[in-house]
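Thanks for coming, everyone. I have one structure to walk through today. Please have a look at it first.

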Amino acid sequence: MTEEGIDDPRSVLSLAASELGAGQFEEALRRVKALQPSLSGIPDLLAPSRALEARALASLGRGEEALVVLDQAQKDAEAANLPAHVEGLGRLRAGLAQAFEMEQLASISADDLERQTEDPAQRAVLFSNKIVAALSVGDIEGARELLPRARVAAEQAEDPAALLPVLLATTQLCVATDDVKTAKRALEAARKVAEAHEPDAIPLIDEMAGYLLRDPEA
């Protein structure tokens, strides 16, 4: 391989991916950035390099930059008529954006979240989302502590559908704590609420039920 592997870009990308997997985010980012000028005429390699760049940026806590990189990468892949790359980059962007949102929500205190709205139905949604966010960063105790506040908000709401996000969050919390029986009961209750008040949510409930049914202990 020549200096920086310019004559062998696939090897450079493979090395950068290995560095990324090993937690060497700065090294991976520098390697990919140094390679990219040589890929202007190789769009089928430019898209993967942009994906690696975005993942390295995200790992370094530079989320907004990562999303900008992926936005431009999608445009470039579309211009190069590479629909599979457009789709792959789009999935990566959606995943990163959701992860950033969850991290941000997990960092907000429950009291600050409650002050965002006086509507108990909206508070139920916010607390339920925060439960999911806490689970996404491994904070099971934090998620468990939030559940009573989410239930109280749903009970205070005039809309019976306000209970639905709380039940779905309960399901995910129970799955995370290996309490599959309670998770199934919460999901069955969610289905009844959805059938009566929020039929558009039934496909999501079916998807979650499919996950639970794959559990041998379910």
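One definition to start: contact means heavy atoms within 4.5 Å. With that in hand, take Ser128. Ser128 touches Ala150, Pro165, Val166 and Ala169, leaving out residues up to four places away in sequence. Where does Ser128 lie? It sits in helix α7, residues 120–136. Helices here are DSSP runs of H or I, at least four residues, strands are runs of E, at least two, and numbering starts at the N terminus. Ser128 is buried, at 2% relative accessible area. Buried means under 20% relative accessible area, exposed means over 50%, and partly exposed is in between, with a 1.4 Å probe and protein chains only.

Now the ground rules. This is a predicted model, where local features need pLDDT of at least 70, side-chain atom pairs count only at pLDDT 80 or more, and totals for chains, interfaces and linings use all residues. Residues are numbered from 1 along each chain as its sequence is written, and side-chain values use heavy atoms, with hydrogens and water left out.

Next, the whole chain. There are 11 helices and 0 strands. The C-alpha trace spans about 65 × 35 × 35 Å along its principal axes. The radius of gyration is 22 Å, while a compact globule of 218 residues would have one near 17 Å. That radius is taken over C-alpha atoms, and the globule rule is 2.2 Å times the number of residues to the power 0.38. Buried residues account for 39% of the 218. The accessible surface is about 12,200 Å², and carbon and sulfur atoms own 50% of that. Those areas come from the Shrake-Rupley method with a 1.4 Å probe; for residues, only the protein chains shown count as cover. Now contacts between residues at least 6 apart in sequence: 52% of them join residues at least 24 apart.

On to the cores. A nonpolar core is a set of buried Ala, Val, Leu, Ile, Met, Phe, Trp, Tyr and Cys residues joined through side-chain atoms within 4.5 Å. The largest one has 28 residues, and Leu52, Ala54, Leu89 and Leu96 have the most contacts inside it. Which elements give two or more residues to this core? They are α1, α2, α3, α4 (63–79) and α5. Helix α3 gives the largest share, 9 residues. A second, separate core has 19 residues, including Met102, Ala110, Ala124 and Leu147.

Back to Ala54 for a moment. Its partners are Ala66, Val69, Leu70 and Leu96, again not counting residues up to four places away in sequence.

Val68 is exposed, at 55% relative accessible area. Val68 and Arg93 are 25 residues apart in sequence, yet 9.4 Å apart in space, C-alpha to C-alpha.

Last topic: charges. A salt bridge is a side-chain nitrogen of Lys or Arg within 4 Å of a carboxyl oxygen of Asp or Glu. How many salt bridges does a search of the whole structure find? The count is 12.

Pair one is Arg91 with Glu87, at 3.0 Å, N to O. Both lie in helix α5, residues 83–107, 4 residues apart, about one turn of the helix. Arg91 is exposed, at 56% relative accessibility.

Pair two is Asp112 with Arg115, at 2.3 Å, N to O. Asp112 is partly exposed at 37%, whereas Arg115 is exposed at 63%.

Glu141 is partly exposed at 46%, and Arg144 is partly exposed at 38%. There is a network too: salt bridges that share partners join Lys33, Arg50 and Glu53.

That's the tour. Questions, please.
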